[in-house]
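This report describes how some side chains pack and pair in one protein chain. Please look over the sequence and the structure before reading on.

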Amino acid sequence: MNIAATDSTLSGYIDMATAAKTLPNRPHIATIWRWARRGVKVRGRDERIRLRHVRIGGRVLTTAAWLTEFGETLAQADAAHFAFCGSE
């Protein structure tokens, strides 16, 4: 297998360590892994939001866009929860 071909195939993906370094407050790598595997429970609902990821070989990878999507989805879920709580 050509290494250059492998690198171009994986362009855009980042590993969990790199993902942790790109986020504010630099969460631990285990936190990023937990977001991908177990997700974060949505307040007031029996639902979890998970960080999108792929497994290629032994590597677990995500993208900067998926990190942004994850954060925005969590923020929307929180906003919906607090809007519902405030309307009672």
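## Contacts and pairs in the model

Ile32 is in contact (heavy atoms within 4.5 Å) with Met16, Ala19, Ala20, Leu23, Pro27 and Leu51, leaving aside neighbours within four places in sequence. The model is predicted: local features need pLDDT of at least 70, side-chain atom pairs count only at pLDDT 80 or more, and totals for chains, interfaces and linings use all residues. Residues are numbered from 1 along each chain as its sequence is written, and side-chain values use heavy atoms, with hydrogens and water left out.

Ile32 also belongs to the largest nonpolar core, which has 15 residues; Ile32 and Leu51 touch the most other members. A nonpolar core is a set of buried Ala, Val, Leu, Ile, Met, Phe, Trp, Tyr and Cys residues joined through side-chain atoms within 4.5 Å. Buried means under 20% relative accessible area, exposed means over 50%, and partly exposed lies in between (1.4 Å probe, protein chains only). Helix 2 (16-22), helix 3 and helix 4 are the elements that give two or more residues to this core. Helix 4 supplies the largest share, 4 residues. Helices (H or I, at least four residues) and strands (E, at least two) are DSSP runs, numbered from the N terminus. In soluble globular proteins, nonpolar side chains tend to be buried together.

There are 2 aromatic pairs. Such a pair needs rings of Phe, Tyr or Trp (its six-membered ring) with centres within 6.5 Å; planes under 30 degrees apart count as stacked, over 60 as edge-to-face and the rest as tilted. The ring centres of Trp35 and Phe70 are 5.1 Å apart and their planes are at 35°, so this pair is tilted. Trp35 is in helix 3 (residues 29-37) and Phe70 in helix 4 (residues 64-86), 35 residues apart. Phe70 is buried, at 5% relative accessible area.

Which residues form salt bridges? The structure has 2 salt bridges, each a side-chain nitrogen of Lys or Arg within 4 Å of a carboxyl oxygen of Asp or Glu.

| Salt bridge | N to O distance |
|---|---|
| Arg43 and Asp78 | 3.2 Å |
| Glu69 and Arg52 | 3.5 Å |

Arg43 lies in the loop between strand 2 (40-41) and strand 3 (48-49) and Asp78 in helix 4, so their pair ties together parts 35 residues apart in sequence. Arg43 is partly exposed at 46% relative accessibility, and Asp78 is partly exposed at 28%.
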